[in-house]
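Let's go through some of the labels used for this structure and ask what stands behind each of them.

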Amino acid sequence: MRTMLTKQQLIEDVRNAANVLNPSLVEWFCSHVIDPKSVTLVTDLEKMTKRDFIQITDNKNSNSYYIVFDPISNAFGICCVLSSGIEWNLGEYDSIEDAINNL
């Protein structure tokens, strides 16, 4: 269980996973990681259910996707910004490496 997320620790974790991540994905992550911040995301588009997550990458200068951390399930997820502006959590992965690979 993670007790605290920091930008420096996230970069270190991803660099340590270089053996399972494509080098371009490590580079992408290191250039997009941010100081973690709280965000509220839609988790169910039909019911418009929302929950708080911790955003750990930005999506500027790339696309409409970014990575979040869910402290409740201790998992990483991918968020998509829809054309309507809704920020939707697409799903969770057990590790940051899996989230990056599925981005």
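Q: What makes S3 and S4 a hairpin, and which residue in the turn has a positive phi?
A: Strands S3 and S4 form a hairpin with 4 residues between them, and Asn74 in the turn has a positive phi of about 55 degrees. Strands here are DSSP runs of E with at least two residues, helices are runs of H or I with at least four, and both are numbered from the N terminus. This is a predicted model, where local features need pLDDT of at least 70 and side-chain atom pairs count only at pLDDT 80 or more, while totals for chains, interfaces and linings use all residues. Residues are numbered from 1 along each chain as its sequence is written, and side-chain values use heavy atoms, leaving out hydrogens and water.

Q: How do you know that S3 pairs with S4?
A: Two strands pair if DSSP finds at least two bridges between them. S3 and S4 (residues 75-81) are joined by 6 bridges, so they pair, and they run antiparallel. Along this pairing, Val68 stands opposite Gly77 in S4.

Q: How many bridges join S2 to S3?
A: There are 2 bridges, and the strands run antiparallel. With at least two bridges required, S2 and S3 therefore count as a pair. Here Ile54 stands opposite Phe69 in S3.

Q: Why is S3 called largely enclosed?
A: Because 5 of its 6 residues are buried, S3 is largely enclosed by the rest of the structure. Buried means under 20% relative accessible area, exposed means over 50%, and partly exposed lies in between (1.4 Å probe, protein chains only).

Q: Why is Ser38 called exposed?
A: Ser38, in strand S1, has 58% relative accessibility, which is over the 50% mark, so Ser38 counts as exposed. Ser38 still touches Asp52 and Phe53, not counting residues up to four places away in sequence; a contact is heavy atoms within 4.5 Å.

Q: What makes Leu90 partly exposed?
A: Leu90, in strand S5 (residues 87-93), has a relative accessible area of 41%. That value falls between 20% and 50%, so the label is partly exposed.

Q: Which residues of helix H2 are buried, and what puts them on the same side?
A: In H2 (residues 23-32), Val26, Trp28, Phe29 and His32 are buried. They cover an arc of only 160 degrees around the axis, so they lie on the same side of H2; the arc is taken from the directions from the helix axis to the C-beta atoms. The face turned away from that buried side carries the exposed residues Pro23, Glu27 and Ser31.
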